[in-house]
Amino acid sequence: MTIRAAEDEIVLEGLAIARGVAIGVVFPHDAGTIKVPERRIETDQVEAECARFAEAVASAGRQVEQLQEKAVDLGGAAAEEMGYLLDAYRQMLKGSRLTRGVQHRIAEKLLNAEAAVQQEISEIVRGFEAMEDAYLAARVADIKDIGRRLLRSLTHTPYRPFTDLPRNAVILADEMTPADTALLDPRRVAGLATVVGGAESHTAIMARSLGLPTVLGVSGLLRGLHGGEPIIVDGTGGLVVINPSPETMGRYRKKRADCLRARRALARLRDVPAETRDGTRILLQANMELPAEVAAVLESGAEGIGLLRSEFMYMNRDDVPSEDEQYHLLRELIERLGGRRLTVRTFDAGGDKLAPALGCSIGPNPALGLRAIRLGLARPELLETQLSAILRASAHGPVRILIPMVATVEELRMARKMMESALARLTAAGIPVSDPPPPLGAMIEIPGAALAADALAVEADFFAIGTNDLTQYTLAIDRSDEAVAHLFNPLHPAVLRLIQFSADAAAKAGIPLCVCGEMAGDPRYTALLLGLGIRDLSMSTNNLPMVKQRIHTIDQSAAEICARAVMAESDSARIAMLVDTCDADGRCEI
Ligand code: PEP
Ligand code: MG
C-alpha cells in the first residue's frame, strides 16, 4: 500500500523482516551483464536445448506472474499501467516472435539456448531502435528485461554482484534470491527492500544474519526510481520512505540513534550466562550461513554454532568445493570457535536455495522436490565428499553432523552408513578424526518426521527442530511467498503439538534437542519454548542478545504454567494472547 505523507515523500508498506533503520540512497538492482556462453550444438542436442529454453521461459513467466499479482496492490492507474506492461511481458514469453526466433536459432543455426536468446534479443532491439518511435523505444527496455530474465535463468546467474555501490546504498529489487543476498556486504549496503519475498524465506533469514534493515513484499517499490534518491528503510516497522521530508528524516535519525544505543546496551550482556530468574541455564547458539559471519557470532556471545547452513558454500559458483577446500574452511571455522561446538548441517540445497553446481533443478514444486538429504542420497558422491570433509575437520574441535529434511528413519540410516564408510576410509588412510566420531542428528522440520519422532529418536544422536519448514509444511504456507506471509504462524496448535511431541520423544530417548528455526530467535516465543522443556536455542546472531535479555526476565516455573495453558488451547488467536501475556515484562523493541 502507498501512503503519500508529504509533497514528494512516498511511504510504502511491506513486511518487517530485519530490524533497524537504514538511511541512504536508492540503488536499483538490475541484472547487469551476464556472461553468455556461445557454442555450436549437434542436431541430436536440439531437443534438449529447446527443453532448457522452455524451462527458462516457464521460470521467467512465473516471475512475471508474481510481479503481476503484486501490481494489483498498487491500485488505480498505477496498477493498470503495470498490468499492461506485465501483460506485454507475458505475451513476449508466449508464442511470440522472440520465442519462435530463439527456437529457430537453436534448431536451424544449431546454437546453444543462451546464445540464441542473446542474438534474437539483439536483433529485435536493433529493429525497434531503428524505428525512431518513442513508444517502441520504450519497449526496448522491456525486451531487454525479458532477455535478461531468460539469460539469468539459463546461465544460473544471480542478480549482479554488488560492485561500485554508492555510500549507504539501499538495494531495491523486484526479487532477491538467497544467493544474491549472500553477496551483500553490510559494510557497504545500508538496507534492502524488494517487491517479492516472504518473512521466513531464506532471503529474509540471510538479511537478518547480515543485520541489514530489510522490508520485503513492497508493492510498487521500484516505480519511477532511477537511483540516487534519498530513502529510509524501517525494518522494524515494515516501511520504506522515498524522498523523506526533513521532519521524517529527523524522526528516523533519532530512531536509528535509539536503535544503536539499545544494541550497545544489549552487547554488554555478551559474557553474562543465559539463565532464567530461577536459575535454569539455557544454551544459546548462533545460526550461520557464511564463514565471514564468525566474528559476529563470537561478538554476540554465542556458545557455539547450532546450525551451519553449509549449502551457502556451494552457491554463487560453478563448481562443487572439493573435500580439501571444505575441510580447510571448516577447520578454520572450528579453530576460530576456540572449543565452542559447531553443528554442521549437510547441504540443504534445492527449494529456494539453488546451487546449480549441485545439479538441483527447480522442478514443478521446489519445496517438495529433490532437496536436502534427498539430493544427498541421489548424488551420494557429493554427500560422501562433504561427510569426509566434516569428519576430517572434527579432529580439530567439537563437531556435530546434522541431516536436513529427514522424512524417514531409512534416510537417517543411509546417511549414517555413508558417514561410517567415510570414517572407515579415513581411518584406513591414517587420517585423524575425532574419537568418538561426531554425533549424527536429524532436523525435525517435516510434519511426518515430527510425528515419527519417537522412532527417529532411536536412530538419531540429537534433534534440531526447524520451525520454519515445520510451519511451512504443516500449514501448507509457502514460507517465501509474501502473499501468504500473514498466514504463516508457528503458534498454530498443530505446529506447537508437533514441537511438543518431538521434544517429549527426545527427552524420553535421552537425546539432546535444539530449536534452530526463526522461532528460536524471537523473544516473543522464548517463554513458551522454555516452558515446553527446550534448553537449547540457536538463532540469527543479531537476535541472540535480545533472547538472552528475555531469558533473564523469565521464571522457569511460570513459563511451564504458561506453556501448559497454551497447549490446552486450540485457538491460534487465544494462543497468541497467552504468549503475549507471558511476554508482558521482558519485551525488547529495537
Ligand atoms: C528451518 O526450516 O526451520 C531451518 C532451521 O532450516 P532452514 O531455514 O535453513 O530451512
Ligand atoms: Mg529447513
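Guide: Among contacts in the protein chain between residues at least 6 apart in sequence, 69% join residues at least 24 apart; a contact means heavy atoms within 4.5 Å. This is a predicted model, in which local features need pLDDT of at least 70 and side-chain atom pairs count only at pLDDT 80 or more, while totals for chains, interfaces and linings use all residues. Residues are numbered from 1 along each chain as its sequence is written, chains are lettered from A and ligands numbered from 1 in the order in which they are written, and side-chain values use heavy atoms, with hydrogens and water left out.

The predictor's confidence in each residue is the pLDDT, on a scale from 0 to 100. Its mean over the protein chain is 88, and 89% of the residues reach 70 or more. Over residues 584-590, however, the pLDDT is below 50, and this stretch has 15 contacts in the model beyond near neighbours in sequence.

Of the 590 residues of the protein chain, 53% count as buried. Buried means under 20% relative accessible area, exposed means over 50%, and partly exposed lies in between (1.4 Å probe, protein chains only). The secondary structure comes to 21 helices and 17 strands; these are DSSP runs numbered from the N terminus, with helices (H or I) of at least four residues and strands (E) of at least two.

The interior itself may now be considered. A nonpolar core is a set of buried Ala, Val, Leu, Ile, Met, Phe, Trp, Tyr and Cys residues joined through side-chain atoms within 4.5 Å. The largest such core has 116 residues, of which F463 and L537 touch the most other members. Helix 13 (residues 409-428) gives this core its largest share, eight residues. Apart from this core lies another, of 29 residues, including I34, A60, A115 and L154. In soluble globular proteins, nonpolar side chains tend to be buried together.

F463 deserves attention. Leaving aside residues up to four places away in sequence, F463 touches A442, I444, A453, L456, A457, S502, A506, I511, P512, L513 and C514.

Strand 17 (residues 536-540) is mostly covered, with five of its five residues buried. This strand runs parallel to strand 10 (residues 283-288), and five bridges join the two; strands pair if DSSP finds at least two bridges between them. One such bridge sets A286 against M539 in strand 17.

Elsewhere, strand 9 (residues 239-242) is joined to strand 2 (residues 9-13) by four bridges, and the two run antiparallel. Strand 8 (residues 230-234) also pairs with strand 9 in the antiparallel sense, again over four bridges. V240 in strand 9 stands opposite L12, and V240 is also the bridge partner of V233.

The magnesium ion (ligand 2) is coordinated by E445 (OE) and D469 (OD), at 2.0 to 2.1 Å. Donors are N, O and S atoms within 2.8 Å of the metal (3.2 Å for Na, K and Ca), and the site may look incomplete, as water is not among the atoms. E445 lies in the loop between strand 14 (440-444) and helix 14 (447-451), whereas D469 lies in helix 16 (residues 467-475), 24 residues apart. Both E445 and D469 are buried.

For contrast, E325 is found in helix 10 (residues 323-337). E325 counts as partly exposed because its relative accessibility is 33%.
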